[in-house]
Amino acid sequence: MSAEILVVVEHLQGKVTDATHEALGAARAIAAGAEVVAVLGGAANTGLAAELAADRVLHVADVRLDAYSPDAYESAMRSIVAARSPRLVIVANTTVGMDLAAGLAALLGLPLAAYCVGLRADGTTLVATCQIYGGKVIAEVGLDGPAIVSIVPGSFVASHGDGSAVVETVAAPQITTRLRLVAYEVAPSADVDITKESVLVSVGRGIGGPENVPLAEELAAALGGVVSASRPVTDSGWLPKSRQVGKSGLTVRPKLYLAIGISGAPEHLQGMKDSELIVAINTDPGAPIFDVAHFGAVADVIELVPALTERLLG
Amino acid sequence: MRIAVLLKQVPDIVEELEIAADGRDLVRDDLRYRLNEFDDYALEEALQLKSAAGTEVVALALDGDDVDQILYTAMAKGVDRAIKVSGGGEPRSARAGALMLAEALRPLAPDLVLTGVQAPDDLEGQLAPLVGAALGLPHANVVNGVTLDAGARTVKITQEFSGGLVAHLEGQLPVVLGIQASCEPPRYAPVTRVRQAMSSGKLESVSVAAPARAPALALRRLAKPEATGHAEMVGGSVEDLADRLVAVLRERGFGAKS
């Protein structure tokens, strides 16, 4: 085992993702003199290497890694990790990481600590703090030997490169492409862009059903805003996908975020926690949404929301 | 064509979760279990593919307290077979569980394996890539659309990225997919049909050997997160709450009367 910390670079449509800069920040914070190595895949993107806050960038210049293909990345990373035997591999727990981290761990027989939100050294052990049960429980795990962690976006301070990393071009001995990217599709532009609205009344599963969505729309209208939603609501088709806030939706920073019937899964909080004023209404006093909200009320949204609208219009 | 769906019982996280005195596990005595919600989407997607292409659907779940009920419900919803996978001894790690499921899948030789994108307790990684890698099959997670071509034995999938970006992927079967959302909301299983499934005696059981070696994660402790902040809670009747919250909003210039 070497002491190096290896970070898998995620790039989408020609851009290094924020989550990757955070993974490099996490690596820097625990490196303690060890080399931070970033692995960058893709044939025509050498330019991205300068953006990476690593000591060394391994550039796997292969056209099959231009876009994320689960199979191609897994096979390429497998051989690189096996050959270098780093102390720790850091992958962001994004769409890419939720596939790649566990796949690599299984193929290489390495322990994986997923949903990691904190990393520290305790002697020679690395201690990963992980978020489980929808953010209601924290698990601390000790990593004594080579391991993989997948880190939750938004949990570590990002680190950006100054172009000083040594760039080394390497080949991956075997890249398979049993699943291939055909095309990316950008969501059609929606009637409303929730990232540009200053007031969002955001609807969660606690609203009960699509028949109650108008209650939220009336409140939003009274506040001069629009409705947004958590993932279960758009998955159920109660509101369109373009209104979804969170990890698989949009990140919003409105002046007012009024969360109604949203418990606050980590994936949701990630997309709205930087809103200027957060007010939450939920029946569960232990709901994680209250940890990020400025004001909260434990109540049935079906009763409270119309009462709010009535007063605002009254 | 055969689709296997992996179902998992998980603690209902809507309930209050208590941590055991030794800090190693949840207090399990009064814990209520339910089907992992994303597995319900995987099941629905499998049943939609069944009605489109006439594929056989087999549900599998690792043995556990409420697993019979979960498998009976899957039968009531329309799966052709339901298999409870046991063996391996207790307690078993999530990694060991994934290897056991892979072992149970091997003789079934499914063309497609579906499961939920994640579960609330998958501290050791998500199931789809763990099982895919164990079987040597390609896998993709965060999938929200699956189209099968039975003749060509190919699959087209859509994989969801943040900000509404979607990747279209394709490849040869078999593959293992972690489902984020199904094309239709999960169907409801009428109680009478669940009862029929329970009395049908058709729930199958298979026992697999304990995996020789699964990397174990050294759990130090479980804890409640230390909240860095907490909302200022307003209390009282619905009328009081409405008055207080509207005052809070108006003080900050929201919803001001014009």
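**Ground rules.** I number residues from 1 along each chain as its sequence is written, and chains are lettered from A and ligands numbered from 1 in the order in which they are written. Since the model is predicted, local features need pLDDT of at least 70 and side-chain atom pairs count only at pLDDT 80 or more, while totals for chains, interfaces and linings use all residues.

**Entry: chain B overall.** I counted 6 helices and 13 strands in chain B; helices (H or I, at least four residues) and strands (E, at least two) are DSSP runs, numbered from the N terminus. The C-alpha trace of chain B spans about 65 × 50 × 40 Å along its principal axes. Of its 258 residues, 47% count as buried. I use buried for a residue with 20 or more other C-beta atoms within 10 Å of its own, exposed for 12 or fewer, and partly exposed in between, with C-beta atoms placed from the backbone. I then looked at contacts in chain B between residues at least 6 apart in sequence, and 69% of them join residues at least 24 apart. A contact means that the C-beta atoms of two residues, placed from the backbone, lie within 7 Å.

Entry: The classes are: Ala, Val, Leu, Ile, Met, Phe, Trp, Tyr, Cys and Pro nonpolar; Asp, Glu, Lys and Arg charged; the others, Gly among them, polar.

Strands also pair across the two chains: β9 (residues 137–143) of chain A runs antiparallel to β12 (residues 218–223) of chain B, over 5 bridges. I take two strands as paired if DSSP finds at least two bridges between them. A:Ala139 has B:Leu222 as its bridge partner in β12(B).

Entry: I traced an open sheet of 6 strands with parallel pairing, in the order β14(A)-β13(A)-β15(A)-β16(A)-β17(A)-β13(B). At the edges stand β14 (226–229) of chain A and β13 (232–234) of chain B, each with a single partner strand, so one side of each has no neighbour in the sheet. On average, neighbouring strands of this sheet are turned by 25° against each other, direction ignored. Axes are lines fitted to C-alpha atoms, for helices over the stretch in contact, and angles run from 0 to 180 degrees between N-to-C directions.

Helix α6 (residues 238–251) of chain B packs on the sheet and touches β16 (277–282) and β17 (295–298) of chain A together with β13 of chain B. The direction of α6(B) makes about 165° with that of β17(A).

**Entry: β15(A) in that sheet.** How many of the residues of β15(A) are buried? The count is 5 of 5. A:Leu256, A:Leu258 and A:Ile260 point one way, and A:Tyr257 and A:Ala259 the other way.

β13 (residues 199–203) of chain A pairs in parallel with β15 (residues 256–260) of chain A over 5 bridges. There A:Val199 has A:Leu256 as its bridge partner, and A:Ser202 stands opposite A:Ala259. β15(A) also pairs in parallel with β16(A) over 5 bridges, where A:Leu256 stands opposite A:Leu277.

**Entry: β1(A).** In strand β1 (residues 5–8) of chain A, A:Ile5 and A:Val7 point one way and A:Leu6 and A:Val8 the other way, and all are buried. β1(A) runs parallel to β4 (residues 36–41) of chain A, joined by 4 bridges, with A:Val8 opposite A:Val39. β1(A) also pairs in parallel with β6 (residues 88–92) of chain A over 3 bridges, with A:Ile5 opposite A:Leu88.

**Entry: helices.** In chain A, α2 (residues 70–84) and α3 (residues 97–108) pack at about 45°, with their axes 10 Å apart. α2(A) and α3(A) are therefore oblique; under 35 degrees counts as roughly parallel, over 145 as roughly antiparallel, 65 to 115 as roughly perpendicular and the rest as oblique. By class, their contact has 9 nonpolar, 1 polar and 3 charged residues.

In chain B, α2 (residues 67–77) is mostly covered, with 9 of its 11 residues buried, including B:Val67, B:Ile70 and B:Lys77. Just after α2(B), I noted B:Gly78 with a positive phi of about 125°.
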